[in-house]
Amino acid sequence: MPRNHGETNGVSRRDFMNTSGAVLVAGNVVRKEQQAGLSASESPGMPTYSVEIEMKLNGASQKANIDTRTTLLDLLRERLHLTGTKKGCDQGACGACTVHVNGKRVLSCLTLAATVHGKEVTTIEGIGSVDELHPLQEAFLRCDAYQCGYCTPGQIMSGIACIEEGHATGSEEEAREWMSGNLCRCSAYPNILAAVRQTAGVEEAVDPASQVLSLTSQQAREAVS
Ligand code: FES
Ligand code: FES
């Protein structure tokens with residue numbers, strides 16, 4: 001005898017849809033809490049899996065009691081209010097959230113905060129100050145290497161790592177390749193590259209715009225005639 005429509009292995013289609021819907025709703029709740037940086041203990045009805053971590057953050061000891069699902073990016077921005085690190089895609093595609101863990105660049109949106117226990121974390125707030133900029137920050141100003149500035153903290157954290165890794169002093173293509181994980185929707189790429197290469201010491205420390213040939217209209221006419 002054929003099964004009833006909508007019943008499979010003893011589970012009715014209605015039961016299946018109800019269960020699936022509940023899972024999706026729960027998933028959305030977790031996602032919203034993560035985006036808001038809330039811990040499970042702050043989320044009524046959700047199970048609590050918390051862990052105590054301690055790290056060295058920008059040179060100072062920092063403890064935090066976190067939901068095990070918290071990303072490093074959300075811990076930094078939502079709990080510790082270090083908003084210099086930016087959330088762009090939140091899925092590892094743009095580089096806006098780049099920070100250093102034990103001196104290596106990582107995407108903080110893909111790093112669980114629990115994994116940095118006992119490690120050294122450096123964010124854009126830890127590499128310079130208004131009175132004493134990091135050389136790469138000075139180079140970004142000199143080269144006009146930003147427009148809206150949203151990608152800039154991630155670009156600078158990646159640029160410092162790129163220089164320390166030795167990828168900024170080879171060919172321009174090599175430096176560009178090793179900075180390619182950091183997207184800039186304003187397309188300031190030539191100036192970002194110039195700032196990184198100048199800081200690495202392979203290019204003269206000048207504003208790239210000052211090297212653009214400026215012609216009078218008469219000279220321009222003569223040049224194309
Ligand atoms: Fe992390 Fe885009 S926010 S890679
Ligand atoms: Fe606007 Fe890079 S300066 S995204």
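**Close-up views of helix packing around α3**

**View 1. Helix α3 against helix α4.** In this predicted model, the axes of α3 and helix α4 (residues 152-165) lie 10 Å apart and the two helices pack at an angle of about 125°. From α3, look for L136, Q137 and F140, which meet T152, I156, G159 and I160 of α4. By type, the residues of this α3 and α4 contact comprise 4 nonpolar and 3 polar, with no charged ones.

**View 2. Helix α3 against helix α6.** Here helix α3 (residues 135-143) and helix α6 (residues 189-200) cross at roughly 135°, their axes coming within 9 Å. The handedness of the α3 and α6 crossing is right-handed. On the α3 side you will find P135, L136, A139, F140 and C143, and on the α6 side N191, A194, A195, V196, Q198 and T199. The residues of this contact split into 8 nonpolar and 3 polar, and none is charged.

**View 3. The whole chain, for orientation.** Stepping back, the protein has 7 helices and 7 strands. Starting at the N terminus, the order of elements is β-β-α-β-β-α-β-β-β-α-α-α-α-α. The protein has 225 residues, of which 32% count as buried. Among contacts with a separation of 6 or more, 56% join residues 24 or more positions apart.

Terms used
Residues are numbered from 1 along each chain as its sequence is written. Chains are lettered from A and ligands numbered from 1 in the order in which they are written. This is a predicted model: local features need pLDDT of at least 70, side-chain atom pairs count only at pLDDT 80 or more; totals for chains, interfaces and linings use all residues. Axes are lines fitted to C-alpha atoms, for helices over the stretch in contact, and angles run from 0 to 180 degrees between N-to-C directions. Helices (H or I, at least four residues) and strands (E, at least two) are DSSP runs, numbered from the N terminus. A crossing is left-handed if the near helix is turned anticlockwise from the far one by less than a right angle, and right-handed if clockwise. Two residues are in contact if their C-beta atoms, placed from the backbone, lie within 7 Å. Ala, Val, Leu, Ile, Met, Phe, Trp, Tyr, Cys and Pro count as nonpolar, Asp, Glu, Lys and Arg as charged, and the others, Gly among them, as polar. A residue is buried if 20 or more other C-beta atoms lie within 10 Å of its own, exposed if 12 or fewer, and partly exposed in between; C-beta atoms are placed from the backbone.
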